[in-house]
Amino acid sequence: MAPVPCPHLPEGFDVTDPDLLQSRVPHPEFALLRRAAPVSWCAQRHGVSGFDDDGYWAVTRHADVKYVSTRPELFSSWTNTAVIRFNESIRREQIDVQRLIMLNMDPPEHTRVRQIVQRGFTPRAVNSLRTALRERALKIVDEAVVRSRDGGSFDFVSSIAVELPLQAIAELIGVPQEDRSQIFDWSNTMASYDDPEFAVTEEAGIRASMDFLSYAMNLAAARKECPAQDIVTQLVAAGDAGNLSNDEFGFFVILLAVAGNETTRNAITHGMHAFLSHPEQWELYRRERPATTAEEIVRWATPIVSFQRTATQDVELGGQRIRKGDRVGLFYSSANNDPEVFEDPETFDITRDPNPHLGFGGGGPHFCLGKSLAVMEIDLIFNAIADALPGLKLAGEPRRLRSAWLNGVKELRVTTGP
């Protein structure tokens, strides 16, 4: 017997539909699912998501998302990767090659690679970037101040939100700052395959991936030949079992660029929109600069709507029998608004504490390696904005990215004018 979908939703409703996420995050539907069918079958036209199946299980409660996230022996990232929906024209070998990215590995291989790359994300390593990134944040905002002097509007995404995450990645791995725009173009091309505005063809996406991979592998080879005082040297130079091979490093840099750039940029953009839509919170932030702000911005934004796992055996979850090989969608946007965990989850509250959101993942082996760096970037950029652009106002609604799994914003017009 086929699984029965949530009876309270329209037939065919799919929370990975990129047209849906281009218009909104479906919070009302997530609320229905959490109440009526917290683990529910979402049927899809065969192969529409790029997988040889007819749908997936939608997991919407905070507790269930954490359960799946912390049990890699039951729910695999490697089998079908963590991306819940590709373009239906993707070939299986194109999916399989993505297993080389740490996000899509299972233990013990994931454990080996993570133990190596986390050298660059120790508290000491991240804190060593603070001074440089603070200076960069101030410069980014100062340049935006110049753009705003005529009283006209400007795009917050391209002028402010994009820059600090890109510069942080470049600083972290020793990429020349003049190359950061190329990194942005490559990562945008790889992540924006569902949005026709970017006109990303399959060939363009493959070419961007290959160009980026080649760039990162060449960087690794150069550091092996001539070590420097940067994370690349720490990760690859010795060339033994305790370091990354050139291709492993290349896929790690791709993960950094997409996971670190796309997600932090969108968190900053959604955070600014939230502040300007809730002026009392912006005034509170300007006065007090609560240390809890960045975590609430990430909860509110939840830049990654969902990832997936694949059941490695028959298992029961939320009263449903999930079969071996079934895909399971982890909907972080729903979990981060679960009223069983958060008081008034629909309220943007920068003093929220505790704040056990899952915006950096649901725990377990894939918990975000760069969390402390992302929190630092968000803190630094909003401190700079509050000091230099305290009178910022919305000049239009966000233009959202068409994506099956990213809560992305392409443009947010703002102004300092009346």
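Biologist: What does R289 count as at its relative accessibility?

Modeller: Buried means under 20% relative accessible area, exposed means over 50%, and partly exposed covers what lies in between, with a 1.4 Å probe and protein chains only; at 25% relative accessibility, R289 therefore counts as partly exposed. This is a predicted model, in which local features need pLDDT of at least 70 and side-chain atom pairs count only at pLDDT 80 or more, while totals for chains, interfaces and linings use all residues. Residues are numbered from 1 along each chain as its sequence is written, and side-chain values use heavy atoms, with hydrogens and water left out.

Biologist: What is phi of R289 near, and where is the place of this residue?

Modeller: Most residues other than glycine have a negative phi, and most peptide bonds are trans. Phi of R289 is near 50 degrees, a positive value in a residue other than glycine, and R289 sits in the loop between helix 14 (279-288) and helix 15, where helices (H or I, at least four residues) and strands (E, at least two) are DSSP runs numbered from the N terminus. D344 also has a positive phi, near 50 degrees; D344 is placed in the loop between helix 16 and helix 17 and, at 42% relative accessibility, counts as partly exposed.

Biologist: Which residues does the cis peptide bond with omega of about 5 degrees join?

Modeller: That bond joins P107 and P108, and P108 belongs to the loop between helix 4 and helix 5 (109-117). The peptide bond from D353 to P354 is cis as well, with omega near 5 degrees, and P354 lies in the loop between helix 16 (332-335) and helix 17.

Biologist: At what angle do helix 15 and helix 17 pack?

Modeller: Axes are lines fitted to C-alpha atoms, for helices over the stretch in contact, and angles run from 0 to 180 degrees between N-to-C directions. Helix 15 (residues 293-301) and helix 17 (residues 371-388) pack at about 105 degrees, with their axes 9 Å apart. That makes helix 15 roughly perpendicular to helix 17, given that angles of 65 to 115 degrees count as roughly perpendicular, those under 35 as roughly parallel, those over 145 as roughly antiparallel and the rest as oblique. In terms of contact (heavy atoms within 4.5 Å), A294, E295, I297 and V298 of helix 15 meet K371, V375, I378, D379 and F382 of helix 17.

Biologist: Which residues touch the most other members of the largest nonpolar core?

Modeller: A nonpolar core is a set of buried Ala, Val, Leu, Ile, Met, Phe, Trp, Tyr and Cys residues joined through side-chain atoms within 4.5 Å. The largest has 85 residues, of which F156, F249, I381, F382 and I385 touch the most other members, and helix 13 (residues 246-277) gives the most to this core, with 15 residues.

Biologist: How many salt bridges does the count come to?

Modeller: Side chains of opposite charge can pair when their charged atoms come close. With a salt bridge taken as a side-chain nitrogen of Lys or Arg within 4 Å of a carboxyl oxygen of Asp or Glu, the count comes to 22. In one of them, R327 pairs with D53, the closest N and O atoms being 2.6 Å apart; this pair links distant parts of the chain, 274 residues apart, with R327 in strand 8 (residues 327-331) and D53 in the loop between strand 1 (39-43) and strand 2 (55-59). Both R327 and D53 are buried. R24 forms a salt bridge with E29 at 2.8 Å between the closest N and O atoms, where R24 is partly exposed, with a relative accessible area of 32%, whereas E29 is buried, at 13%.
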